[in-house]
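These are my notebook entries, written while I looked through a structure that was new to me.

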Amino acid sequence: MSRKLGAIQPIYRSGIHIKDAVSVDHPGEITQSYIDLFVKLGGQVIRDDIKRLSKRNEKVILHGRHQYIADEVVIAAGPWSNDLLKTISSPLPMCFERGYHKHFAYPQGEILTRPIYDVDYAFVLSPMTQGYRLTSGSELNDKDAEINTVQLEKAIKSVQNSAVLGEPTNNSLWKGNRPTLPDSLPAIGPHPKCKHVWLAFGHQHVGFSTGPTTGRLIAELMLDQVPFIAITPFLPKRFF
Ligand SMILES: Cc1cc2nc3c(=O)[nH]c(=O)nc-3n(C[C@H](O)[C@H](O)[C@H](O)COP(=O)(O)OP(=O)(O)OC[C@H]3O[C@@H](n4cnc5c(N)ncnc54)[C@H](O)[C@@H]3O)c2cc1C
């Protein structure tokens with residue numbers, strides 16, 4: 001299997017080749033390696049579905065299958081963050097930019113070396129470990145609303161002109177909710193009214209890339225260090 005830009009059909013009059021962009025072909029593996037590093041450095045991972053938070057004296061209690069008593073809690077639950085936050089405070093004004101993707105087997109012959117973004121037809125086609133991943137544009141809707149594949153179906157039709165795709169792989173439809181705050185910036189820092197509660201969410205389209213920076217900023221703030229970038233635009237107090 002050869003990977004060449006020749007895998008794009010010659011239908012485009014012009015394009016921009018962004019040479020210093022990077023992409024990954026298996027986000028889940030990268031996330032797993034962050035978890036492995038965390039554990040290696042002494043962290044402990046406990047999986048539970050936290051239903052609500054409460055305060056007792058100077059502690060924060062997490063109520064899931066078990067109860068956990070914490071000195072400090074960081075709400076970093078992506079699009080589900082408000083579900084937790086509203087059990088202890090007012091929620092943030094969040095909307096959801098939902099996105100869909102579907103995987104296709106690689107065709108015989110040449111395949112793409114990098115993701116391509118077709119601006120006119122609003123799709124991204126990325127070479128991934130699992131084959132091609134075709135991603136649609138944003139759908140503004142409630143995170144739990146019914147799935148609506150209109151955009152994805154249009155993308156599937158349009159992409160046929162741009163590249164050769166193999167068969168869709170079984171059950172490959174995926175829907176995610178990009179959590180977006182009104183100024184498109186995440187909320188990073190202490191809750192101004194709820195001591196010992198920290199917020200780290202609202203990363204909309206870019207949280208896979210910027211999440212590690214958020215982790216560093218939260219750690220610096222918690223340790224009373226000067227954050228390595230200006231933190232004011234991100235502080236949650238802008239919403240309270
Ligand atoms: C279609 C699509 C394409 C995207 N493409 C890109 C891209 O190209 N580049 C990029 O940088 N970003 C991209 N993003 C955005 C990125 O995925 C998010 O910004 C990022 O996942 C946010 O990370 P997070 O850790 O804040 O939240 P999440 O990744 O959403 O993680 C939240 C975690 O909290 C857990 N959780 C939630 N509620 C609870 C609870 N009550 N108890 C316990 N655990 C809970 C969830 O299970 C989940 O594991 C894309 C998103 C979508 C939907």
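Entry one. I looked up His-101 and found that it counts as buried because its relative accessibility is 8%, where buried means under 20% relative accessible area, exposed over 50% and partly exposed in between, with a 1.4 Å probe and protein chains only. His-101 sits in strand 5, residues 95–104; helices (H or I, at least four residues) and strands (E, at least two) are DSSP runs, numbered from the N terminus. Leaving aside residues up to four places away in sequence, I list Arg-133, Leu-134, Thr-135, Leu-152, Ser-172, Leu-173 and Trp-174 as touching His-101, a contact being heavy atoms within 4.5 Å.

Entry two, on the source. I note that this is a predicted model, in which local features need pLDDT of at least 70 and side-chain atom pairs count only at pLDDT 80 or more, while totals for chains, interfaces and linings use all residues. Residues are numbered from 1 along each chain as its sequence is written, and side-chain values use heavy atoms, with hydrogens and water left out.

Which residues come nearest to the ligand? Of the 21 residues around the ligand, I find that Ile-50, Gln-204, His-205, Gly-207 and Ser-209 come nearest, a residue being near if one of its heavy atoms lies within 4 Å. Strand 10 (174–180) and helix 4 (207–222) each supply at least two residues of the shell, and strand 10 gives the most, with 4 residues.

I then looked at individual atom pairs: a backbone N or O atom of His-205 lies 2.8 Å from a nitrogen atom of the ligand, and a backbone N or O atom of Val-206 lies 3.1 Å from an oxygen atom of the ligand. For Ser-209, a side-chain N or O atom is 2.6 Å from an oxygen atom of the ligand. The ligand taken alone exposes 1,000 Å², of which the protein buries 61%, with accessible areas from the Shrake-Rupley method and a 1.4 Å probe; for residues, only the protein chains shown count as cover.

Strand 11 (residues 187–190) and strand 12 (residues 197–201) pair in the antiparallel sense over 4 bridges, pairing being assigned if DSSP finds at least two bridges between two strands.

I record 4 helices and 12 strands, and buried residues make up 37% of the 240 residues.

Technical notes:
Polar contact = N/O pair within 3.5 Å; in protein donor to acceptor, adjacent residues only side chain to side chain.
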